[in-house]
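Please keep the sequence and the coordinates in view while reading.

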Protein chains: 2
Amino acid sequence: MPKISNRGSQMQASPIRKLVPYAEVAKKKGIKVYHLNIGQPDIKTPQTALDAIRNFNFDVIEYSHSAGNESYRKKLAKSYQQIGINVNENEIIVTTGGSEAIQFAMLSCMNHGDEVIIPEPFYTNYNGFATAAGVIVVPITSTIDDGFALPPIAEFEKLITPKTKAITICNPNNPTGYLYSKEELEQLSEIVKKHDLFLFADEVYREFCYDGEEHFSVMKLKNIEQNVVMMDSVSKRYSECGVRIGTMVTKNKEIIETAMKFAQARLSPPSLGQVAGEASLDTPQEYFTEVYDEYISRRNFFIGALNKIDKVMAPMPKGAFYSIVRLPIDDSDKFCQWLLEDFTYKNQTVMLAPASGFYSTEGLGRDEVRVAYVLNNDELANAAKVIEEALKVYPGRI
Amino acid sequence: MPKISNRGSQMQASPIRKLVPYAEVAKKKGIKVYHLNIGQPDIKTPQTALDAIRNFNFDVIEYSHSAGNESYRKKLAKSYQQIGINVNENEIIVTTGGSEAIQFAMLSCMNHGDEVIIPEPFYTNYNGFATAAGVIVVPITSTIDDGFALPPIAEFEKLITPKTKAITICNPNNPTGYLYSKEELEQLSEIVKKHDLFLFADEVYREFCYDGEEHFSVMKLKNIEQNVVMMDSVSKRYSECGVRIGTMVTKNKEIIETAMKFAQARLSPPSLGQVAGEASLDTPQEYFTEVYDEYISRRNFFIGALNKIDKVMAPMPKGAFYSIVRLPIDDSDKFCQWLLEDFTYKNQTVMLAPASGFYSTEGLGRDEVRVAYVLNNDELANAAKVIEEALKVYPGRI
């Protein structure tokens, strides 16, 4: 039997992969499991998107243009212009989810063996895409004690080698909920300029910024227009994760041309998803206001409830719908498994994502978990109570 | 400005990429362009698939399981079993088009720098996926003079090095229309076994086999079950290229486990496409009979018409809906551009794919083009006439 590749063993394990079977067993036992582990919102997809799908009136479901339908890209460009991002339809490639946008950015900008610096904890799948592209992730640690702010620029500079080609940020951040300020991004832009790096920014949670804070897109940074690639997605914005539609946006023509070669190799992004994505651009403002109010309410309630638990610390997230939470535990992998395998409170338990999976540095995040507040407040209240009771009896409490 | 990666320049140019702007100009001039260059069939998508989309009745378009919906995989397994391919739902990963199945197979089985032998002319995008994975394509030349039969096994063995990890075939073949026989595949299986290689087989045209010839799947080869990965797609079978749904199928658990890591990184295949794909499995037999009869009629008519033209030679394809055609020309890239830029017959012209783009060996295919007979017979008659008239006056005729 031939030997398979060693790429799989190079990949960071998904934080929840090992937990899934335990969750399934718990459910089979009739236990109610609150899923705080995933970013699959329970919010309804906009009616305009659902209607567009149901009114699909072509006889053949054809390939689209490899860069995505022109009509869609034009509307996307207009929507970006409305929020001050100056791009046209030729600076946008419609991708198969934000995932493919990240892949295209890495493949187009980075050679095998090149390094990308990413503040940790980070979205684990960056590691998967880096492994696929043969790119090396160099983590720079941000900490819960300062709410996961951008690490000092001096720390970035310590990590820069001749192989360093890019910095990747996620803003607002998954998994931390941190929102980088304009000032932090300007600091980043200086080192990007100084060391001639690319700056990849995953801005899929752009609309989810709270407490009056405004999102500042990397596309608005002066002097590094040619260095910047923005990754975007319709998944969270319109609660339509399953359509698999995202965008890669850049003013750099060379990057677009190279990315288009990869786009053409895979022929086209999903046509039906583009129908939903394009229609979603007509979503009325009330939809977003309602969703926004719902998340604010969930965040305030749930993060508040967690911080009331003895020895639990959860920074108030300024964006997205996640938070990294510090717990009085020995090992978050063990704790999360124990919750599913050995604990119930009134026949309920919770599924959490161990934060160790979001750190690339070995040993970090062992007393942290990521929560996604994508359930309604009643469910979140039950989930918080489960966590509180669980921590009282968890054998590995410290 | 930072330097982009050199991956793009390593990629073989798409055979038609440079031609697209010329086709657009021709159309703007009001010239009717017959597209023989692409595999986008004009056949209607099955009604059952279109109905399933229009009846989509969920409120949220959610991620699916990373391996694809279980219900779909179970139905797929059953449909494979019905054609003698013995697999279950855990041996199938639903992918974003056949494209992603090829990517997963390469990433899971091959390391950076490993070599894959592929009979040329081959589907150009294999080269794109190989470049993305850092895998090296080693071509083995098949020739039009023997109808693009499998090259002798001795020729394969000459190319095997310590870096050789896999052989990839497409059966029936795009771009040649050749159908590998059971005997040829058994020969291949011996060398796969002897040298402990993987065998990747792209079988997306499985149903398109003509003249009573039967398709023999690599999944039925004895003794190399652990070496085989089959790539499949709904695109051509149901004329629904835009749904972007394919499958990677293998009995090898290690490959499935590694591929699942890449599948989880990109979260899920398109949910709406899976709705169409699953419904398509209920397509009545009459649909296929009708499509099959249509392609037989097109093939017989069009390949016949081409062979009647002076100094034109087109092997009769035994499968798929392509043929490589030898023309009395100096350079197929120039000829195909000239057709769009400088030639019309009764205000019509044709767009062909220069065969040079399907060969990895420099200089091959310069007197060959690929045709896809995906138009109706009236259009094909006009297209053949255009080619005949064009060859009479083409300045580079030899």
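The expected span of a helix is 1.5 Å times one less than its number of residues. In this predicted model, helix 13 of chain B (residues 377-393) has 17 residues, and the distance from its first C-alpha to its last is 25 Å, close to the 24 Å expected. Buried positions in helix 13 of chain B are B:Leu380, B:Ala383, B:Ala384, B:Val386, B:Ile387, B:Glu389, B:Ala390 and B:Leu391. An α-helix has 3.6 residues a turn, so residues three or four places apart point the same way. The cover over the buried residues of helix 13 of chain B includes strand 1 (32-35), helix 11 (285-308), helix 12 (332-341) and strand 10 (348-351) of chain B.

A helix pair in chain B comes next. The axes of helix 3 (residues 47-54) and helix 10 (residues 271-280) of chain B come within 8 Å and cross at roughly 140°. The two helices are therefore oblique to each other, and the crossing is right-handed. From helix 3 of chain B, B:Thr48, B:Ala49, B:Ala52 and B:Ile53 meet B:Leu272, B:Val275, B:Ala276, B:Ala279 and B:Ser280 of helix 10 of chain B. Seven of these contact residues are nonpolar, two are polar and none is charged.

Helix 5 (residues 97-109) and helix 9 (residues 253-265) of chain A pack at about 120°, their axes 9 Å apart, in a right-handed crossing. Helix 5 of chain A contributes A:Phe104, A:Leu107, A:Ser108 and A:Cys109 to the contact, while helix 9 of chain A contributes A:Ile255, A:Thr258, A:Ala259, A:Phe262 and A:Ala263. This contact comprises seven nonpolar residues, two polar and no charged.

Conventions. Residues numbered from 1 in each chain as written. Chains lettered and ligands numbered in written order. Predicted model: local features only at pLDDT ≥ 70, side-chain atom pairs only at ≥ 80, totals over all residues. Heavy atoms only, no water. Axes fitted to C-alpha atoms, helices over the stretch in contact; angles between N-to-C directions. Helix = DSSP H or I, 4+ residues; strand = E, 2+ residues; numbered from the N terminus. Parallel < 35°, antiparallel > 145°, perpendicular 65-115°, else oblique. Left-handed = near helix turned anticlockwise from the far one by under 90°. Contact = heavy atoms within 4.5 Å. Nonpolar A, V, L, I, M, F, W, Y, C, P; charged D, E, K, R; others polar. Buried < 20%, exposed > 50% of the residue type's maximum accessible area, 1.4 Å probe, protein only.
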